[in-house]
Amino acid sequence: MIEGMSMIRSSGPPRVLIVVSSWTRLGNTGRATGFWLPEAAYPWWEASAAGYQVDIASILGGRPQADGVDHSDPVQRLFLGSQDVRDALDGTPAVSEVDPADYAAVFLAGGYAAMWDMPDNPALGALVAAVWTAGGVVNAVCHGPAGLLPARRDDGTPLVRGLRVTGFSHDEERKASMIGVVPLLLPDALTALGAHYESGRSYAPRVVVDSRVVTGQNPASAPEAARITMQLVADAASHKKSYGPGLGAH
């Protein structure tokens, strides 16, 4: 955590946190962007079904802008129709205002917006690292792994160093005509920090799990990544109940 960070502390049922971007402009294209809604909706669905309270934070706080909305998807319809979700999105706290100790998992929703305000955000990096260090699970899908870039372990090394990860591929960016628009390419940025980046077929689901870090290559990976994340959360909770607190945290 960052020194002097104000905290919103929670109580009650176990919680997970979804972090979304606050960015709204797609580079110099003149087009709008935002967080990719299904990459928030599927974590919400899986965590809610598992009995977890789901909080939503954004990089700057306030009401974030959504992108990639598909009203034909029943999970997205339920997400948008939830009064709790609507209330949460109306006034999200900034990532600097949430206490990572409250959360068993943090989900970093993607969308092109994440490429601008997640990679260099120290408050986000501190939040992600704190959840992971405490034994929690970190999930990042599509462009969401941009939020892994600022996270550092206790010894100062990048959280992703030595880990197998995935994220939106070169080929997918090329097919979307976004190379030269986005400020960085995830495979290159992750590899530069010592991660072992891997990808599969473009736009096909692919999920990589390593050391409680769950990454998905593209939006199609969001449902499976969310399911796997909540299974890891359940496994961790079961171990803590069996062996007592403080064991199995890493």
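## Aromatic rings

Rings of Phe, Tyr and Trp count as a pair if their centres lie within 6.5 Å. In this predicted model, ring pairs join Tyr-112, Phe-168 and Tyr-203 into a cluster. The structure holds four aromatic pairs.

The ring centres of Trp-23 and Trp-116 are 6.3 Å apart and their planes lie at 5°, so this pair is stacked. Trp-23 belongs to the loop between strands S1 (15-20) and S2 (35-36), while Trp-116 belongs to helix H4 (residues 114-117), 93 residues apart. With 25% relative accessibility, Trp-23 counts as partly exposed. The charged end of Arg-25 sits over the ring of Trp-23, 4.7 Å from its centre.

## The pair of Phe-168 and Tyr-203

Phe-168 and Tyr-203 have ring centres 6.1 Å apart and planes at 65°, so they form an edge-to-face pair. Phe-168 lies in the loop between strand S7 (164-165) and helix H6 (170-175), and Tyr-203 in the loop between strands S8 (196-197) and S9 (207-210), so the pair ties together parts 35 residues apart in sequence. Phe-168 is buried, at 5% relative accessible area, whereas Tyr-203 is partly exposed, at 41%.

## Helix packing

Helices H1 (residues 38-49) and H2 (residues 74-81) pack at about 85°, with axes 9 Å apart; H1 is thus roughly perpendicular to H2. Residues of H1 including Trp-44 and Trp-45 meet residues of H2, among them Leu-78 and Phe-79. This contact has nine nonpolar residues, one polar and no charged ones.

H2 and helix H3 (residues 83-90) pack at about 65°, their axes 5 Å apart, and are therefore roughly perpendicular to each other. Phe-79, Leu-80 and Gly-81 in H2 meet Gln-83, Val-85, Arg-86 and Leu-89 in H3. Four residues of this contact are nonpolar, two polar and one charged.

Definitions and conventions. Residues are numbered from 1 along each chain as its sequence is written. This is a predicted model: local features need pLDDT of at least 70, side-chain atom pairs count only at pLDDT 80 or more; totals for chains, interfaces and linings use all residues. Side-chain values use heavy atoms; hydrogens and water are left out. Axes are lines fitted to C-alpha atoms, for helices over the stretch in contact, and angles run from 0 to 180 degrees between N-to-C directions. Helices (H or I, at least four residues) and strands (E, at least two) are DSSP runs, numbered from the N terminus. Angles under 35 degrees count as roughly parallel, over 145 as roughly antiparallel, 65 to 115 as roughly perpendicular and the rest as oblique. Contact means heavy atoms within 4.5 Å. Ala, Val, Leu, Ile, Met, Phe, Trp, Tyr, Cys and Pro count as nonpolar, Asp, Glu, Lys and Arg as charged, and the others, Gly among them, as polar. Rings of Phe, Tyr and Trp (its six-membered ring) pair if their centres lie within 6.5 Å; planes under 30 degrees apart count as stacked, over 60 as edge-to-face and the rest as tilted. Buried means under 20% relative accessible area, exposed over 50%, partly exposed in between (1.4 Å probe, protein chains only). A charge sits over a ring if NZ of Lys or CZ of Arg is within 6 Å of the ring centre and within 35 degrees of the ring normal.
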